[in-house]
Amino acid sequence: MYFEIDPKKSIPLYEQVIQQVKELCARGLLKPNEKLPSVRDLSSQMLINPNTVSKAYQELERQGIIITIRGRGTFISEELTGYIDPKKTERLQQALKNVIIDSHFAGISEIELKRWTEEIYKKLGGNGDEG
Amino acid sequence: MRVKHVSKEIHHHKILTDIDFDIKTGSIVGIVGRNGAGKTTLLRTMVGILDPSFGDVLIENESIFRNPQLKQQIIFVPDSSEALKSYSTKEMIHLYKQIYPSLDEDYYLQLMERFALPEIKKIGNYSKGMKALFFLVVAFSTKAKYILLDEPTDGLDVIVKKQVLKILVEEVATNDVSVIISSHRLDELEFIANDIIMIKDGMVNSRYGLDEMKANYIKAQVAFESDLPVALKDQVTILKQTGRVYIILIDKNHDEIIKKIKLASPLLFEDLPLSLEDLFVARLGGDDDVS
């Protein structure tokens with residue numbers, strides 16, 4: 001499993017850790033019930049502050065993506081596949097709408113936007129509806 | 001640990017003025033500042049090598065100067081340890097065991113093995129990288145709760161540097177120690193420190209949490225048809241300018257400033273990644289002279 005910080009991103013480090021766990025899940029590289037590295041191991045591997053990893057794990061746990069079992073470690077949640085959060089769906093729809101509006105004003109056509117979408121799905125591979 | 005209103009004068013010259021902050025256990029604190037800002041003096045005062053002219057250093061609310069045994073909980077690793085170079089590694093451990101009775105020799109041997117450091121008759125014969133690792137190994141073996149490091153990665157190659165950062169991170173994660181680092185290597189501190197204290201002219205200029213830094217500041221490049229609007233000039237920090245393109249740092253109430261920028265119909269307005277270095281230049285730079 002490979003985690004890496006991107007110093008060029010302007011989002012906080014712990015959010016980068018969260019995003020990477022989510023991305024690894026979306027790409028099927030992390031599967032339900034799979035064990036995540038400990039806070040110590042992940043911070044040592046990424047060379048980042050252990051508190052950053054703890055904070056990311058706490059947030060992922062709050063979102064129901066991972067669960068920590070005392071004495072055994074941290075695992076990807078069993079219910080992760082197919083789980084749909086209605087609030088989240090709404091937020092995503094809104095975010096997409098904003099992207100579409102911004103694209104329109106930036107002169108990007110609908111066709112181009114669709115092409116981007118397909119490309120991203122292809123890049124993420126395997127887990128989209130079209131396989 | 002609390003550094004309480006510390007001031008230090010050396011030969012009637014004010015080096016530190018009213019330095020005041022606390023350090024939580026299990027944290028990594030970066031102390032940054034330009035050359036001559038007083039970083040090393042601050043570290044040497046925090047460990048009790050120097051007496052402050054005013055103020056105090058407290059551990060669990062007790063003064064380390066009035067209760068010298070508290071100094072066993074703090075260890076300082078200077079950037080060069082010339083004084084001890086004729087000692088053997090065994091003599092060094094023997095010496096440190098006198099000062100730090102809680103020194104864990106098993107742990108010491110374990111760390112020595114892990115970093116493939118041989119016991120040696122003269123520490124001076126270690127390479128620079130080995131010396132740096134050795135002093136860190138000794139520091140963490142003392143089981144002191146506060147580890148103060150002056151420029152710990154200065155002059156080390158990439159591989160040793162990574163080993164140094166690894167041991168720091170692991171010690172903090174496992175043993176709940178606090179590490180206080182003075183460094184110029186802002187790019188490294190940015191990821192491992194959870195708190196950054198900026199020192200300017202012997203005073204605390206500013207203090208940032210790791211995440212709030214990126215949340216409170218925006219770095220952007222903007223360009224307008226004519227010059228940067230005067231109304232904006234006072235509200236942003238200009239990091240760089242080339243022609244009509246400005247690289248600016250927007251702090252605090254940035255929503256309002258962003259609105260103003262958008263209203264002035266910019267030709268270009270793009271977010272850029274913010275680094276600790278940008279803040280360093282914005283807060284501590286200003287003039288090009290070297291002090």
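These questions and answers walk through a predicted model with chains A and B.

Colleague: In chain A, where is confidence lowest and where is it highest?
Modeller: This is a predicted model. The mean pLDDT of chain A is 84, and 89% of its residues reach 70 or more. Helix H4 (residues 86-105) of chain A has the lowest confidence, at a mean of 84, while the highest, at 94, falls in helix H3 (residues 50-62) of chain A.

Colleague: Which residues of chain A does UniProt list for "domain: HTH gntR-type"?
Modeller: The name comes from an unreviewed UniProt entry. Over the listed stretch the chain is 51% helix and 14% strand, with its end C-alpha atoms 28 Å apart. The record gives residues 11-79 of chain A.

Colleague: What distance separates the centres of domain 1 and domain 2 of chain A?
Modeller: The domain assignment of chain A gives domain 1 as 13-80 and domain 2 as 86-124. Taken over C-alpha atoms, their centres are separated by 27 Å.

Colleague: Which residue in the turn between E2(A) and E3(A) has a positive phi?
Modeller: Start with the strands. Strand E2 (residues 66-69) and strand E3 (residues 73-76) of chain A run antiparallel, joined by four bridges. A:Ile69 stands opposite A:Gly73 in E3(A). The two strands form a hairpin with three residues between them, and the turn residue with a positive phi, about 80°, is A:Gly71.

Colleague: Which element gives the largest share of the side of chain B that touches chain A?
Modeller: The contact joins 22 residues of chain B to 19 residues of chain A. On the chain B side, helix H5 (158-175), helix H6 (186-192) and helix H7 (210-216) each give two or more residues. The largest share is eight residues, and it comes from H5(B).

Colleague: Which strands are at the edges of the six-strand sheet in chain B?
Modeller: The order of this open sheet is E6-E7-E8-E3-E9-E10 (chain B), and its pairing is mixed. The twist averages 15° from one strand to the next. An edge strand here pairs on one side only, and the two are strand E6 (74-77) and E10 of chain B.

Colleague: In that sheet, what is the bridge partner of B:Tyr146?
Modeller: Look at strand E7 (residues 146-150) and strand E8 (residues 178-182) of chain B. They pair in the parallel sense over five bridges. In E8(B), the partner of B:Tyr146 is B:Ser178.

Colleague: Which strands of chain B does helix H1 touch?
Modeller: Helix H1 (residues 39-46) of chain B packs on the six-strand sheet. Its direction makes about 155° with that of E7(B). The strands touched are E3, E6, E7, E8 and E9 of chain B.

Colleague: Which residue stands opposite B:Lys200 in E10(B)?
Modeller: E9(B) and strand E10 (residues 203-209) of chain B run antiparallel, joined by six bridges. They form a hairpin with two residues between them, and B:Asp201 in the turn has a positive phi of about 50°. Opposite B:Lys200 stands B:Met203.

Colleague: How many residues does each domain of chain B give to the contact between them?
Modeller: Chain B is divided into domain 1 (2-201) and domain 2 (215-284). Their centres, taken over C-alpha atoms, are separated by 38 Å. Domain 1 of chain B gives nine residues and domain 2 of chain B gives six.

Colleague: Which elements each supply at least two residues of the side of domain 1 of chain B that touches domain 2 of chain B?
Modeller: By class, the residues of this side are five nonpolar, one polar and three charged. The elements are strand E3 (28-33), H6 and strand E9 (195-200) of chain B.

Colleague: What is the order of the four-strand open sheet in chain B?
Modeller: The pairing is antiparallel. The edges are strand E12 (236-242) and strand E14 (268-272) of chain B. The twist averages 25° from one strand to the next. The order is E12-E13-E11-E14 (chain B).

Colleague: What is the bridge partner of B:Ile218 in E13(B)?
Modeller: Strand E11 (residues 217-223) and strand E13 (residues 245-251) of chain B pair in the antiparallel sense over seven bridges. The partner of B:Ile218 is B:Ile250.

Terms used: Residues are numbered from 1 along each chain as its sequence is written. Chains are lettered from A and ligands numbered from 1 in the order in which they are written. This is a predicted model: local features need pLDDT of at least 70, side-chain atom pairs count only at pLDDT 80 or more; totals for chains, interfaces and linings use all residues. UniProt positions are given in the numbering used here, feature names are shortened, and annotations may be inferred rather than shown by experiment. pLDDT is the predictor's confidence in each residue, from 0 to 100. Domain bounds come from an automatic or database domain assignment. Two residues are in contact if their C-beta atoms, placed from the backbone, lie within 7 Å. Two strands pair if DSSP finds at least two bridges between them. Axes are lines fitted to C-alpha atoms, for helices over the stretch in contact, and angles run from 0 to 180 degrees between N-to-C directions. Ala, Val, Leu, Ile, Met, Phe, Trp, Tyr, Cys and Pro count as nonpolar, Asp, Glu, Lys and Arg as charged, and the others, Gly among them, as polar.
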